[in-house]
Amino acid sequence: GSIARELGAEMMIVKGPMLKQQGLRQQEHSGDVDLWMRAADIERMNAPLEAWGWAQGGDLWERYGLGHSVTFRPNVWGCEVDVHRRMTGIGADDASAFELLLQQSTDACFAGVNIRVPRPEAHAVIAGLHMMRPEPGRARPGWVASATAKCLAAAGVESLTFAERVGSYDALYEAAVIAFPDEQLRTPTKTFVEQWGLHAARD
């Protein structure tokens, strides 16, 4: 957060402990730190992060057509940092999605540094997409849709409004039906491949 501020770059922390604080999941801690920035700003983070002990490891999902973040691996620190330019399952272009997310964000304090984080209705969509994201060569476990539904329900039906705005409603539809059984939800208009942007994916 301090590095981004010094660079004059806007950044958000997504997922992680804030999901617990916002009542969107029970798990308190995460195994890494997830940031979201404009794509142009990610490159500017390379040298400063390397100076602090992280080395860029690339985007392991790019070859599957699911590229969405750059992983920085620690040389000294014990925690990886994933810097997102998008979240798989969002239909809006990267720039538009980031601006919409900024509009649905608020301040939180981490180690004395104020950083933007998504509000619950937007954060539930991000967390839901992370859970629902298909993994090449693996069938999605049956519990995933139910777990995602709990997250969406905790944020309220407003989460679907944000999902529509960023073009991820169709990707979350299976979970939304479980989360909001009394709502009249529109049926998806995209195929599974289109919902998740898997046009270049391969097993």
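Leaving aside its neighbours within four places in sequence, which residues is Glu-121 in contact with? The residues in question are Gln-104, Ala-155, Glu-158, Ser-159 and Phe-162, where contact means heavy atoms within 4.5 Å. Before going further, a word on what you're looking at: this is a predicted model, in which local features need pLDDT of at least 70 and side-chain atom pairs count only at pLDDT 80 or more, while totals for chains, interfaces and linings use all residues. Residues are numbered from 1 along each chain as its sequence is written, and side-chain values use heavy atoms, with hydrogens and water left out.

Back to Glu-121, then. Glu-121 sits in helix α5; helices here are DSSP runs of H or I with at least four residues, strands are runs of E with at least two, and both are numbered from the N terminus. Go ten residues along the chain from Glu-121 to Ala-111 and the C-alpha atoms end up 25 Å apart. Phe-162, one of the partners of Glu-121, has its own set of contacts: once neighbours within four places in sequence are set aside, Phe-162 meets Leu-100, Leu-101, Gln-104, Glu-121, Ala-122 and Val-125.

Phe-162 also takes us to the inside of the model. The largest nonpolar core has 38 residues, and Phe-162 is listed with Trp-36, Ile-90, Leu-101, Leu-129, Leu-152 and Leu-172 as having the most contacts inside it. A nonpolar core, in this sense, is a set of buried Ala, Val, Leu, Ile, Met, Phe, Trp, Tyr and Cys residues joined through side-chain atoms within 4.5 Å. Buried stands for under 20% relative accessible area, exposed for over 50%, and partly exposed for anything in between (1.4 Å probe, protein chains only). At least two residues of this core come from each of β1 (11-14), α4 (94-103), α5 (120-132), α6 (143-155), α7 (158-165) and α8 (169-179). Helix α5 gives the largest share, seven residues. There is also a second, separate core of 20 residues, with Ile-13, Met-18, Trp-54 and Val-81 among them.

How does α5 sit against other helices? Two packed helices are described by the angle between their axes and the distance between the axes. The axes are lines fitted to C-alpha atoms, for helices over the stretch in contact, and the angles run from 0 to 180 degrees between N-to-C directions. For α5 and α6 the angle is about 175°, with the axes 8 Å apart. That makes the pair roughly antiparallel, given that angles under 35 degrees count as roughly parallel, over 145 as roughly antiparallel, 65 to 115 as roughly perpendicular and the rest as oblique. On the α5 side, the contact includes Glu-121, Ala-124 and Val-125, and on the α6 side, Cys-151, Leu-152 and Ala-155 are among the residues involved. Sorted by class, this contact has twelve nonpolar, two polar and one charged residues. Here Ala, Val, Leu, Ile, Met, Phe, Trp, Tyr, Cys and Pro count as nonpolar, Asp, Glu, Lys and Arg as charged, and the others, Gly among them, as polar.

With α8, the angle of α5 is about 90° and the axes lie 10 Å apart, so these two helices are roughly perpendicular. Val-125, Gly-128, Leu-129 and Met-132 of α5 meet Ala-171, Leu-172, Glu-174 and Ala-175 of α8. The class count for this contact is six nonpolar, one polar and one charged residues.

Not counting residues up to four places away in sequence, Ala-97 touches Ile-90 and Ala-92.

Now have a look at α3 (residues 39-51), which has a kink of about 35° at Met-45, shortly before the proline Pro-48. That bend is the angle between axes fitted to the seven residues ending there and the seven starting there. Asp-41, Ile-42, Met-45, Asn-46 and Leu-49 of α3 are buried. Ala-47 is also found in α3, but at 54% relative accessibility it counts as exposed. Just after the helix, Gly-53 takes a positive phi of about 105°.

Finally, the backbone. Most residues other than glycine have a negative phi. Lys-15, not a glycine, has a positive phi of about 60°; this lysine is in the loop between β1 and α2 (17-21) and is buried, at 8% relative accessibility. Ala-111 likewise has a positive phi, near 50°. Ala-111 lies in the loop between β6 (105-110) and β7 (113-118) and is exposed, at 84% relative accessibility.
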